[in-house]
Amino acid sequence: MKKIAFVCLGNICRSPMAEFVMKSLTDKYEIQSRATSSWEHGNPIHKGTQGIFRSHGVPYDTSKTSQQISKNDFEYFDYIIGMDESNLADLYQMCPQDQQDKIQAFASESVPDPWYTGDFEETYDRVLTGCQAWLSRLENESENGKYKETL
Ligand code: 4NP
């Protein structure tokens, strides 16, 4: 089973949104989420993201708390997916050289951070579209056994 980590700055808004939206679409992969920073370490999913889960009927784990990505995580996961350009830049800095090819962009455009925009619905739309695209990409890659770009 392929192992996937969605990663954002705080791991309380966007990457947990991607984690649980993706889990609502498929059970074929191990899916988790992480932060690049330790700023929100141990804190629960943001109320705005929890509100999105409730209003869109996305099941989620109320005990999920923010966790910074670790050296072990870079080894463990097969896909390490950054939600925006700055998350990707941080991941490339943090990631051991031999794991760098695991780092991928969630979408061609950065997912807006509702921590700053306050617009959780806009983020949800982008997260849902991005998760659907990632799901077809992953299914393609497991069928073909090799990298195939479908974003
Ligand atoms: P996230 O949003 O990266 O989507 O979880 C943020 C959460 C917390 C902070 C910034 C962004 N913060 O500055 O603590």
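How far does a backbone N or O atom of glycine 10 lie from an oxygen atom of the ligand? I looked this up in a predicted model and found a distance of 2.8 Å.

**Entry 1: the ligand.** I next examined side chains. A polar side-chain atom of arginine 14 lies 2.8 Å from an oxygen atom of the ligand. For glutamate 40, I likewise found a polar side-chain atom 2.8 Å from a ligand oxygen atom. I then checked the cover: the ligand taken alone exposes 360 Å², and the protein buries 93% of that area.

**Entry 2: the surrounding shell.** I listed the residues around the ligand as Cys8, Leu9, Gly10, Asn11, Ile12, Cys13, Arg14, Trp39, Glu40, Asp113, Trp115 and Tyr116. By class, I recorded 7 nonpolar, 2 polar and 3 charged residues in this shell.

**Entry 3: serine 66.** I located serine 66 in the loop that joins α2 (47–55) to α3 (71–76). Is serine 66 buried or exposed? I classed serine 66 as buried, because its relative accessible area is 3%, and the cut-off for buried is under 20%. Leaving aside residues up to four places away in sequence, I noted that serine 66 touches Gly10, Asn11, Ile12, Ala35, Glu40, His41, Gly42 and Asn43. Among these contacts of serine 66 are Gly10 and Glu40, and the shell around the ligand also includes Gly10 and Glu40.

**Entry 4: the annotated region.** I consulted the UniProt record, an unreviewed entry, which annotates residues 2–137 as "domain: Phosphotyrosine protein phosphatase I". Over residues 2–137, I recorded 43% helix and 14% strand. The end C-alpha atoms of that stretch are 13 Å apart.

Methods
Residues numbered from 1 in each chain as written. Predicted model: local features only at pLDDT ≥ 70, side-chain atom pairs only at ≥ 80, totals over all residues. Heavy atoms only, no water. Near = heavy atom within 4 Å. Polar contact = N/O pair within 3.5 Å; in protein donor to acceptor, adjacent residues only side chain to side chain. Areas by Shrake-Rupley, 256 points an atom, 1.4 Å probe, with all protein chains shown as cover. Nonpolar A, V, L, I, M, F, W, Y, C, P; charged D, E, K, R; others polar. Helix = DSSP H or I, 4+ residues; strand = E, 2+ residues; numbered from the N terminus. Buried < 20%, exposed > 50% of the residue type's maximum accessible area, 1.4 Å probe, protein only. Contact = heavy atoms within 4.5 Å. UniProt positions renumbered as here; feature names shortened; annotations may be inferred.
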